[in-house]
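Subject: Structure handover

Dear colleague,

Please find the structure below, followed by notes on what was found in it.

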Amino acid sequence: MVFALPSIEEMKQVGNSTEDDDEELKNLYHTILHIFENILLNLVSKDLYKLQILKEMIVWMSEDSSYLQEKVLVTISKVLSFASKKVKNYPSVDAPCLGLLAAELSLLCSHKDPSITQQASLGMHHLLSIAHYQNVDTIKNTIKSYSFLHLPSDTEFLPNTLQDKTNIAQRVGQALLPSLLTDFVWSLLMKVSAPSLTTANEAATILILTLEYHVYKVVMVSKIVDTIYMQLSGNSPHQMESSMLRVITLLTRTSPRKVIFQLMHYPVPADKTVILMLQAAGSEPHVAPQVLKTILLILKGKPGENPGNLMDRRRCSINTSNMMPVAASHALCTLLPVSSYKKVVAEFFPELLMALMFQLFYSSNMRLVTEDRHFYARDALRILLNCSGLHAVETTLKAKRCWDMFSQEQFGHHGVYLVARTLSDYNFPQFPETLHYLYKLSVEGPRRSEDRVITVIFLTEFLNSFFKDPFPEEFLVLFRNWVNDSNPAVSKLSLQKIASMAPVINEIENVGSLLLSILKAFLSKDNTVVSQALLTLRRLLGKLDKVTYSSLCTKIASSYCPLMDHSNGGIRSMAIQHFGELIKDMSQYRWMLNPVVLKGLVPLILFLEDTETRVVSACKYTLAICVSELKWSPTFLLIDQSYNFEQIVLNFCNNLLIYHGNYITDLIADTLGFLGRSQVYLRRASVILIGYLATLGGHLLFRDELQVMFEAIEPLYRDKDPVIRELAETTYELFKKVAHKLTSSNIKQSFQKMFNFIYIKKLKLLYHYNCATSYSSIKKRPISYVDYDNIW
């Protein structure tokens, strides 16, 4: 109701008033204020929250330039004095409006009217007394840590004490709790943009002085920074701009992380206001390490990548969906050239180098190009090199058009290689620290697979320049682990580097574990990794000492066998050829390899019918070696001019029967696995091979084994390929003949096996098959289904 009263001046303008009327009007207003004072005292005695009304009174009072201002302040002082006496008897005090009220009174303490100044100072004194008793335990703990000024009693208080802005700043900061001091700072910050330049200057002065002494107590830093950004973006007066930027500097002293995170939230590219605020934040040299650490933390994010869990969505999280990493790269363009940052930049050079390389690679892949500017990470990296005394490196990279390569996705890795190689060539002074950081990064494991690619490239180039092969064991372990990395690019880079160490392979400790890790790469789903693993292993085996080689040859040979049946023709041909070369290398250890060699014969025979010439050539090459090592008869039938697949199978089976008859059942089992393959040539070849093996080794089979073979051949009766259907019918007849020779007694079968081993008969052609001609000339028989109960 009081705040709705019109001013005395307005009342005078209503009509022609005399001096007596004016005096009566003043008495009326005085009476109203006295009544309101009594009401306030009554309200405050019951609830300190009602002190909020005093703040509204000051705002109302400021709109009236008459003598009522003094009267209102007298009322405010009395109420505050009353409240300060009451709180002495309270166990705890809760008055959340003290910060806002203190801000209003602090401005009045510098009023041009001495009477108003005196009353405002007295009111401020009582307010600080209330604040002193608010949450006594917190104040005591704070005083122990920061040695605040003594608060005078009412008798000791001198009004002019709180007319000095420095004293106001010190005492307010001393008395108010962090949340209340934040309200005080917030209220003054709003006054800095007041229309009255006098008010704005007074508010700015007290605000800055308060932060000079007590900035460590201020909370809600991000909100204050955002408010300053909004005010500066609104074309504030120049003199207020410098004051607001000073606030940013002071906030950065104790909360660099919060300030930087908030500045990184604004749109990219950063506008003039953000640049000014960054420069203000960068003007505090002693917090430069914290500023750079915060930026490095942000640079761990990937532009456009959403946070993986809810915890990452906190205020100071690496939420890269808003392009914070790009903003951080842009911020470095502003901060790195600052002279006071030079020493800190040298300290953080490895971290900054790799973080910017990661960001540069992300930007290259994602085409993060903005108007008028291209890659902030690239610009920041160039500035980093120049600020670190590596002008020659930057100039060389520019001459090599390296910086242009990052704008082309296909040359991204080559650009990374150029940076790493150029740094190595110039023997840059930060090498030891950078190598140590790369090792630390490699051991801890980069967050993303593309980060590992860049790390491997840098580490490889640095080690190549400063170490001779082989690498120290601690680095070699890293490359061994990277062989089976989830990122194919990392695996290939590691395998290529390991291959280059072939001349010194025998100097490497734990070479066995290194070779076994390469064998694991054979299982990769990426064909290029498997191919590189095959090439790397072959290169190493060519230099490996025979003792170590012999201890691993069986394991290696067994690992080649699955690759002989690989879906990729290039891998098939390499695996088959390398299998043959291993057998040749280990010829003196024939007794160790014979079981593996015999196991590999089935794919070697079947893939002679492969549609790819390179696979067929590899099969012939390796079969020739196998036959030689097994001491079988010469395989002249492998010559191209006289090549006939069935004749080779016949020759193979006759030699198998003579020298290794006990392996026939194993080879039958291996061949069964090819009957259901999608390739027509494999189904044809496997039907023929299993027919010969069954005829040859029928005496070694039991009834249940032969029944499995019947079940495997049955689906081929309905094959889309007519040749396969004819071959399946012929094979079925062969199985029937074998079945009729079997006895029902296992004991009789055992005697039959012994008898057949004594009397060996060589086979002749059974199918008269030639893949170059049609097989349909054979007289067709009606397709019949196997009756397993009657066949015996």
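A nonpolar core is a set of buried Ala, Val, Leu, Ile, Met, Phe, Trp, Tyr and Cys residues joined through side-chain atoms within 4.5 Å, where buried means under 20% relative accessible area with a 1.4 Å probe, protein chains only. The model is predicted, so that local features need pLDDT of at least 70 and side-chain atom pairs count only at pLDDT 80 or more, while totals for chains, interfaces and linings use all residues. Residues are numbered from 1 along each chain as its sequence is written, and side-chain values use heavy atoms, with hydrogens and water left out.

The largest nonpolar core holds 244 residues, and those with the most contacts inside it are M264, L423, F458, F579 and F652. Leaving aside residues up to four places away in sequence, F579 touches A557, Y560, C561, M564, V596, V597, L604, T622 and C626, contact meaning heavy atoms within 4.5 Å. Of the 792 residues of the protein chain, 52% count as buried.

The chain has 38 helices and zero strands, these being DSSP runs (helices H or I, at least four residues; strands E, at least two) numbered from the N terminus. Helix α9 (residues 178-192) and helix α11 (residues 221-233) have axes, fitted to C-alpha atoms over the stretch in contact, with angles from 0 to 180 degrees between N-to-C directions, that come within 11 Å and cross at roughly 0°. That makes α9 roughly parallel to α11 (angles under 35 degrees). On the α9 side the contact is made by V185, W186, L189 and M190, and on the α11 side by K223, I224, T227, I228 and Q231.

Helix α9 also contains T182, which counts as buried because its relative accessibility is 2%.

Best regards

Methods:
Angles under 35 degrees count as roughly parallel, over 145 as roughly antiparallel, 65 to 115 as roughly perpendicular and the rest as oblique. Buried means under 20% relative accessible area, exposed over 50%, partly exposed in between (1.4 Å probe, protein chains only).
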